[in-house]
Protein chains: 2
Amino acid sequence: MSGKRYKLTISYDGSTYAGWQVQPQQRTVQGELERVLAELTGEHAKVHGSGRTDRGVHAKGQVAHLDLAGRMPPAALAKGLNALLPVDIRVTAARLAAPSFHARRSAIGKEYRYFIWDADVVPPFLRLYRAHVRSRLDVAAMSRAAAGIRGRHDFAALTANPNRVVESTVRTVSMLTVRRRGSEVVITACADGFLYKMVRSIAGILIRVGEGTVPPGEIRAILRSRTRTARVPTAPPHGLFLWRVMYPHATVV
Amino acid sequence: MSGKRYKLTISYDGSTYAGWQVQPQQRTVQGELERVLAELTGEHAKVHGSGRTDRGVHAKGQVAHLDLAGRMPPAALAKGLNALLPVDIRVTAARLAAPSFHARRSAIGKEYRYFIWDADVVPPFLRLYRAHVRSRLDVAAMSRAAAGIRGRHDFAALTANPNRVVESTVRTVSMLTVRRRGSEVVITACADGFLYKMVRSIAGILIRVGEGTVPPGEIRAILRSRTRTARVPTAPPHGLFLWRVMYPHATVV
């Protein structure tokens, strides 16, 4: 490969997309990026994301890499893509990356944020970006429950598809906080990696704790069970943002 | 009238509406409110707004009044309307009002805010709520120009339709500030009343000042001319929010 590898940082409103990953007959974020990339460069390059996001999930800082045979300055690539992309997908940064950089395999961690609005009325301007809970959540109880999730655990009980073949369901959650700002409750989660629907499952059980229907201390028993049950709901997608993807410094030129 | 007068505070995302006022064959905010009000109460009451907002303009705190023959507690009215309204229109408060209260005639002032994003890329989540300007605005120059607009003036040069018959084009702008928060520039304007497209004209000329194409000192000459010219552009509607409507305290029961 005599061309260049690029690292893109991408922000998108997932409201009208069938998620990140290309799927037949569906409008996806990866699909839009590959379509406009071909239009801009004449090359049919694949855009490799750090991971999928589900239908309706947003991203503030998704990361992807791609290879181009032609040489285009990264700033021109970003500008050209933004000129062709729909306005609900924006390339916020573009850089040349080392040939060994891989958006998914080089990632050493991810941060997700889950946004909840717990007053009667969601402001219309936030309706697409906040999960609505009608009762005021007990953030102190949610924080106690979060402490039981932090650390290295088998998260089979907090993924949507525990029977799917994955190498391991053990992950390390390095940070999990619950904060209130007015009627907004924000769950911030950092881990070395997340299983399928893991953040929405964590948000789902924390919301139950905040509503008072699950005691905070029960979280450890749920985790230990290693079994997904109906006790753990999956919180709706539109409250979820892939916030950033972490890499070792050396991977970007 | 043996019924009751209600005061509603309403928040809406104007993106998909042909403005506030009912118009044939068009989806409007007032039209949606009157439709669901009839559905909820069986009464065909008119919803009187504090004033119109144009197509695509938002409101954080529009105010309206309406009369109902039946007696419904204000909280139940708000809840019932929100259950039937589209999610981009929310009733944020409902109160009983004095029979003499009139959303337009009782108003003693209004506050509008105009939001501008002046970096290369508008975050996708704000795209419907920020006017995009590509060059970084000189907020200090805009503030100097704003000082020339504050006070009591004939605003014929800063309204879109100066030939339209209005009693007077004199208004008192009691507050006009320009503030920056990161890549966001916010123009806040309070007045005893605003002429047609007056805030968007003020935003338009202040943006030109911020871009350096109109000197701040020229504002006074523009105002004194009392003539609308092409030198004053009308800033796009989606940056504009009707923020609140002010009333004397005694008008609400």
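Domain bounds here come from an automatic or database domain assignment.

## Domains of chain A

Chain A is divided into domain 1 (4-106) and domain 2 (109-244). Taken over C-alpha atoms, the centres of domain 1 of chain A and domain 2 of chain A are separated by 27 Å. The contact (heavy atoms within 4.5 Å) takes 15 residues from domain 1 of chain A and 14 residues from domain 2 of chain A.

## Basis of the description

This is a predicted model, in which local features need pLDDT of at least 70 and side-chain atom pairs count only at pLDDT 80 or more, while totals for chains, interfaces and linings use all residues. Residues are numbered from 1 along each chain as its sequence is written, chains are lettered from A and ligands numbered from 1 in the order in which they are written, and side-chain values use heavy atoms, with hydrogens and water left out.

## Between the two domains

Domain 1 of chain A and domain 2 of chain A bury about 1100 Å² between them, 53% of it from carbon and sulfur atoms; buried area is the accessible area (1.4 Å probe) that two parts lose on being put together, summed over both. Asp54(A), His58(A) and Lys60(A) supply 44% of the area that domain 1 of chain A buries against domain 2 of chain A.

The rule finds one salt bridge across this interface (a side-chain nitrogen of Lys or Arg within 4 Å of a carboxyl oxygen of Asp or Glu). Asp54(A) forms a salt bridge with Arg200(A), with the closest N and O atoms 3.5 Å apart.

## Between the chains

In chain A, 19 residues are in contact with 19 residues of chain B. About 1400 Å² is buried between chain A and chain B, 69% of it on carbon and sulfur atoms. Two salt bridges are found across this interface; Arg127(B) and Asp13(A) meet in a salt bridge through their side chains (3.0 Å, N to O).
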